[in-house]
Amino acid sequence: MPKVFYTQPGGAVKVIDGAVGDSVMSTAVKNCVTGIVGQCGGTLSCATCHVYVDRAELKYFPDPTEDEDDMLECTASDRADNSRLSCQLTLADGVDLHVTVPDEQV
């Protein structure tokens, strides 16, 4: 069972056991992680699930699609090279993930 470590602004970390195949966003919403809203329900149309992925863990995911890349330009916080929409990150067996919630989303 993959674990997701959600780091909040200020440094508090919420660790959640996720389910293989679920998105990082749906895992956060189901477990009331502050700052990840997922307003569109994961349809890639709102950017309210923006996170910064630990750079060493980016290799576990394909590059953003053109649609995700476009939406990353609309986030409330500054985009970085490790910015992703958590609705596009699918949990995999044996892969724990560390993400940081942007200050502007809390």
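## Salt-bridge network

Asp69, Glu73 and Arg79 are linked in a network of salt bridges. A salt bridge here is a side-chain nitrogen of Lys or Arg within 4 Å of a carboxyl oxygen of Asp or Glu. This is a predicted model, in which local features need pLDDT of at least 70 and side-chain atom pairs count only at pLDDT 80 or more, while totals for chains, interfaces and linings use all residues. Residues are numbered from 1 along each chain as its sequence is written, and side-chain values use heavy atoms, with hydrogens and water left out.

Arg79 is partly exposed, because its relative accessibility is 32%. Glu73, at 58%, is exposed.

## Other salt bridges

The count comes to 6 salt bridges by this rule. Side chains of opposite charge can pair when their charged atoms come close. One of the pairs is Asp81 with Arg55, where the closest N and O atoms are 2.7 Å apart. Asp81 lies in the loop between helix 2 (66-71) and strand 4, and Arg55 in the loop between strand 3 and helix 2, so the pair ties together parts that are 26 residues apart in sequence. Helices (H or I, at least four residues) and strands (E, at least two) are DSSP runs, numbered from the N terminus. Both partners are exposed: Asp81 has a relative accessible area of 61%, and Arg55 has 52%.

Lys30 and Asp22 also meet through their side chains, with an N to O distance of 3.0 Å. Lys30 is exposed, at 59% relative accessible area. Asp22 counts as partly exposed, at 22%.

## The sheet

Two strands pair if DSSP finds at least two bridges between them.

Strand 3 (residues 50-53) and strand 5 (residues 97-100) run antiparallel and are joined by 2 bridges. Val53 stands opposite Val99 in strand 5.

## A buried loop residue

Gln8 sits in the loop between strand 1 (3-7) and strand 2 (13-17). Gln8 counts as buried because its relative accessible area is 14%. Leaving out residues up to four places away in sequence, Gln8 touches Val33, Thr34, Val101 and Val106. Contact means heavy atoms within 4.5 Å.

## Cysteines

A disulfide is a covalent bond between the sulfur atoms of two cysteines. The criterion is a pair of cysteine sulfur atoms within 2.5 Å. The structure holds 0 disulfides. Cys46 is in none, and the nearest cysteine sulfur, in Cys40, is 3.5 Å away.

Cys87 is buried, with 12% relative accessibility.

Notes: Buried < 20%, exposed > 50% of the residue type's maximum accessible area, 1.4 Å probe, protein only.
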